[in-house]
Amino acid sequence: MKLFKGNIIFTKEKQAFDIIEDGFILSDEGKVLEVGHGLDDKYPDLEVIDYSNHLLIPGFVDLHFHAVQYGNLGIGLDEELLDWLNDYTFKEEAKFQDLTYARAIFDKAINHMIASGTTRMVFFSSIHQAAAELLMDLCSEKGVGAFVGKVNMDRNAPDSLLEDSDQSLEITRYLLENDREEAKAIITPRFVPSCSKDLMDRLGELASKGYPVQTHISENESEIEWVKSLHPEAKNYLDVYDKAGLITDKTILAHCVFCTEEERQVIFDKKAFVAHCPAANFNLTSGIMNAKLYLDKGIRIGLGTDVGAGHTPSIRQVIVEAIKMSKVNHMMDKTMPVLSLSEAFYMATKGGGQYFGKVGSFEKSYDLDMLVIKPDDLSLTRNMPILNQLQRFIYAGDNLMISAVYCKGKRLNAY
Ligand SMILES: [Zn+2]
């Protein structure tokens with residue numbers, strides 16, 4: 001058993017922070033057993049790992065990250081989605097048949113995420129089987145929790161990324177049946193324009209066996225028009241996936257910028273997850289997603305950096321972007337409520353963490369995913385309240401303030 005001491009702050013509920021100043025977290029075998037004051041007196045024989053004057057917060061969860069686009073981080077963001085895919089994304093992804101190149105990029109991407117405080121990661125890889133397996137292995141070696149998706153693309157792709165439908169399905173099936181304990185495979189049709197109806201139907205059959213699914217939806221208006229022209233029979237964008245059996249309680253839908261109330265109702269009814277990616281939505285001038293509508297409806301929603309459309313692998317920065325986006329909504333329409341810091345922090349931790357099980361909180365029996373944050377000198381000399389110290393870290397901090405990262409109770413290497 002381990003006993004950690006520090007200033008504990010987390011969001012059991014989205015409306016408010018739970019704060020335990022000079023508190024303790026008791027953990028065993030990577031899980032939280034107890035949290036509160038005075039646990040050093042209750043368990044006098046246990047050694048205390050003393051992080052006094054530090055914040056202890058849950059590790060961040062990134063529900064949407066293209067590991068194969070890390071090399072493009074920050075590049076080409078003056079274009080919109082469909083041009084950007086052709087001019088930057090697809091060219092880069094074709095390089096991942098080269099495993100030496102893949103290893104170099106994946107290694108840097110995961111290290112940068114850990115240094116940014118992310119302990120749980122949901123990845124799009126490329127179409128290549130070997131690259132996806134390598135990414136699973138690297139996640140396992142580094143001790144992070146992950147889902148890794150080999151992308152399915154059998155239409156509207158450049159020749160270098162266009163798959164044979166049968167082979168795409170078979171590789172996906174193989175990866176689902178041969179994944180790693182901490183790095184699971186996930187069914188990953190890129191988006192409707194990239195996947196034939198036949199392939200989506202067959203992936204849906206796999207999903208019906210309980211396997212996880214991730215995809216993109218309603219990110220950009222030109223994309224939505226394209227989907228309409230490809231599937232005039234569908235009620236809406238979501239309906240294309242739903243008819244194929246791809247919308248389940250293990251599905252992550254990235255973006256949902258333009259989803260209608262009818263689509264939101266299906267997402268809610270099916271208990272699917274939403275990955276809100278505000279940085280990417282700003283960068284590619286896609287649109288203003290109203291995360292608050294999803295949260296208030298009780299839809300399961302977390303945050304995604306969406307690297308490379310997102311310009312940062314830091315979920316801390318994406319929390320700020322999510323709040324900014326809700327303020328833009330509010331400035332355009334005063335009836336639109338603004339996301340609070342606790343709501344955005346909740347999405348970044350427990351909201352997305354639900355996808356991994358009991359993750360993203362310090363409640364009893366949750367996995368001990370924890371960041372140790374050293375506040376800046378000014379916070380300490382001014383004797384700032386714990387909440388202000390957290391606000392300062394989120395808005396004005398940097399990765400150097402993260403002095404330790406734990407996933408399932410194990411300290412990850414700092415790179
Ligand atoms: Zn994406």
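These legends go with a set of close-up views of a predicted model. Local features need pLDDT of at least 70 and side-chain atom pairs pLDDT 80 or more, while totals for chains, interfaces and linings use all residues. Residues are numbered from 1 along each chain as its sequence is written, and side-chain values use heavy atoms, with hydrogens and water left out.

**View 1. The buried face of helix α6.** Helix α6 runs over residues 197–207; helices (H or I, at least four residues) and strands (E, at least two) are DSSP runs, numbered from the N terminus. Leu199, Met200, Leu203, Gly204, Leu206 and Ala207 are buried here, with buried meaning under 20% relative accessible area, exposed over 50% and partly exposed in between (1.4 Å probe, protein chains only).

View 2. A salt bridge puts a side-chain nitrogen of Lys or Arg within 4 Å of a carboxyl oxygen of Asp or Glu. Asp201 pairs with Lys197, with the closest N and O atoms 2.9 Å apart. The two sit four residues apart in α6, so about one helical turn separates them. Asp201 is partly exposed at 26% relative accessibility, and Lys197 is partly exposed too, at 46%. Arg202 bridges to Asp166, again with closest N and O atoms 2.9 Å apart. That pair links distant parts of the chain, Arg202 in helix α6 and Asp166 in helix α5, 36 residues apart.

**View 3. Arg180 meets Asp137.** The closest N and O atoms of this salt bridge are 2.6 Å apart. Arg180 lies in the loop between α5 and β9 (183–185) and Asp137 in helix α4 (residues 129–142), so the pair ties together parts that are 43 residues apart in sequence. Asp137 counts as partly exposed, at 31% relative accessibility.

**View 4. A four-residue network.** Salt bridges link Lys31, Arg120, Asp367 and Asp369 in a network. The structure holds 26 salt bridges.
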